Amino acid sequence: VFFQFNGNNLTMVGTDAHKLVRYKRDDIKSDSNSEFIMPKKALQVLKTILTDFEKNVSIEFNDTNAKFTYESFTLSCRLIEGKYPNYEAVIPKENPNKLIIERILLLNSVRRVGIFSNKSTNQIKFKIAGAELNISAEDYDYNNNAEERVNCNYYGDDIEIGFNSRFLIDMLNNLDCKDVCLSMSLPNKAGIITPNEKSDDDEEITMLIMPVMLNSD
């Protein structure tokens, strides 16, 4: 995970080339611009330690190591060397097609339909037209398929786009907002998931998910 401190906010970014999450906090600032890359294992330990606490954490770091201190806990780890990829370049700026839908409704529908997707691709298809979202999946190997239709608010051109259901479930599970906005441009361009309303003015969450190539009918 990439930590980027500056005078305006703290930005944290994680990506695996298929999906990307950028998390900003405007209530955490630094006197100077600095950055480092944390390994996943250390962050998982840190998350476990901090789950039940709400007080401040002290972060100290240099070019090679970082130290997180909270009351009687101290976590030290080596940082990952190298330059983090230019994540801003992969976040599409123009996304005229916007789907707004209740998060839990979408999550449960993707879970149900995803059961019938191909186990190697986890591919599901979104077909959006008007105020209706059609979610479908088909596993040709076992001749399984599923389809659900849900109401939504949609602004843009009709579109058919494929996503990895497992990635979508991970993302929707890690949000706590009532409604989400899925912004898209073309079926071969990344989709952007954001909370449709802010519960915290100092927080900004952007989730990017790459599309899956749809099977030909």
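**View A. Burial of Phe3 and Phe68 in the predicted model.** In this predicted model, Phe3 is buried, with a relative accessible area of 5%. Phe68 is likewise buried, at a relative accessible area of 4%. Each of these values falls under the 20% limit, so both residues count as buried.

**View B. The aromatic pair of Phe3 and Phe68.** Across the whole structure, a search finds eight aromatic pairs. One of them joins Phe3 and Phe68 in an edge-to-face arrangement, with 6.5 Å from centre to centre and 65° between the planes. This pair links distant parts of the chain, 65 residues apart: Phe3 belongs to strand 1 (residues 2-5) and Phe68 to strand 6 (residues 65-70).

**View C. The aromatic cluster that includes Phe3 and Phe68.** Ring pairs connect Phe3, Phe5, Phe36, Phe61 and Phe68 into a cluster.

**View D. The aromatic pair of Phe126 and Phe163.** The ring centres of Phe126 and Phe163 lie 5.5 Å apart; because their planes meet at 75°, over the 60 degrees required, the pair is edge-to-face. Distant parts of the chain are again linked, with Phe126 in strand 9 (residues 123-129) and Phe163 in strand 13 (residues 159-164), 37 residues apart. Phe126 and Phe163 are both buried.

**View E. Lys19 and the ring of Phe167.** Lys19 is positioned over the face of Phe167. The distance from Lys19 to the ring centre of Phe167 is 4.0 Å.

Key:
Residues numbered from 1 in each chain as written. Predicted model: local features only at pLDDT ≥ 70, side-chain atom pairs only at ≥ 80, totals over all residues. Heavy atoms only, no water. Phe/Tyr/Trp six-rings, centres within 6.5 Å; stacked < 30°, edge-to-face > 60°. Helix = DSSP H or I, 4+ residues; strand = E, 2+ residues; numbered from the N terminus. Buried < 20%, exposed > 50% of the residue type's maximum accessible area, 1.4 Å probe, protein only. Lys NZ or Arg CZ within 6 Å of the ring centre and 35° of its normal.
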